[in-house]
Amino acid sequence: MEAGASTGVASITVTGGGENTIVVVPGANFRLTPADIDRAAGVLAAAKVVVCQLEVPIDVTTRALKIAREAGAMTILNPAPAPVTPTPPELLALADVVCPNQQEATAITGLPCTTDQDVDAVLRRLRELGCRLPMVTLGASGGAGDAFMGSLAHFCACRPDLPMAARVSRAVRIAAISVTRPGTQTSFPHREELPADLRD
């Protein structure tokens, strides 16, 4: 608990067409410091996969990814919410996987991200910026980003024997289930609801 600071919250609004807007009030999240991350270094170093995002200061996310990378964990960056300042190349280079949505991809690269050709150009630019394996979630044209990211992290941690394409495919299938239901976290399927081939 951080005295004098509210808990960080994110409110999601959804249009009739399924597009969402997320309003973030960071509260205590923005009081997190690299020193706090250093105190948790043992937890990060023991992880198989570390997923970070940008609801905390960028230097905090950078420090967490650096500790995880040095310990040999797979690192995943979901650069949400969309950065309002240039994203440091060091941050992008510390992540094995970088997966923005279309708006976040535009904020990072300065390129439009609407058509398939745009997405190809964005992916090329992200690689130029140091991303090892960039991906872009496509909103109404794709799946639910949070369900996809969580599922991808699960398969990376629990099924390292699978090729990355198979892990991504499984995560897409789980995200596709989530978009058939209302809500965000409430839309995520439970393990027992998944087809048998997604439970292992």
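Which residue in β5 stands opposite Leu 77? Val 98 does. This is a predicted model, in which local features need pLDDT of at least 70, side-chain atom pairs count only at pLDDT 80 or more, and totals for chains, interfaces and linings use all residues. Residues are numbered from 1 along each chain as its sequence is written, and side-chain values use heavy atoms, with hydrogens and water left out. Helices (H or I, at least four residues) and strands (E, at least two) are DSSP runs, numbered from the N terminus.

- β4 pairs with strand β3 (residues 49-53) in the parallel sense over 5 bridges; pairing requires at least two DSSP bridges between the strands.
- Within that pairing, Ile 76 of β4 is the bridge partner of Val 51.
- Helix α3 (residues 58-71) carries the chain from β3 to β4 in a right-handed β-α-β crossover, meaning that with the strands pointing away from the viewer, the path from the first strand over the helix to the second runs clockwise.
- β4 and strand β5 (residues 97-98) run parallel and are joined by 2 bridges.

**Helix α7**

- Buried residues of α7 (residues 145-158) include Phe 148, Leu 152 and Phe 155.
- β3, β4, β5 and α8 (164-178) are among the elements that cover the buried residues of α7 (contact is heavy atoms within 4.5 Å).

Terms used:
The expected span of a helix is 1.5 Å times one less than its number of residues. Buried means under 20% relative accessible area, exposed over 50%, partly exposed in between (1.4 Å probe, protein chains only).
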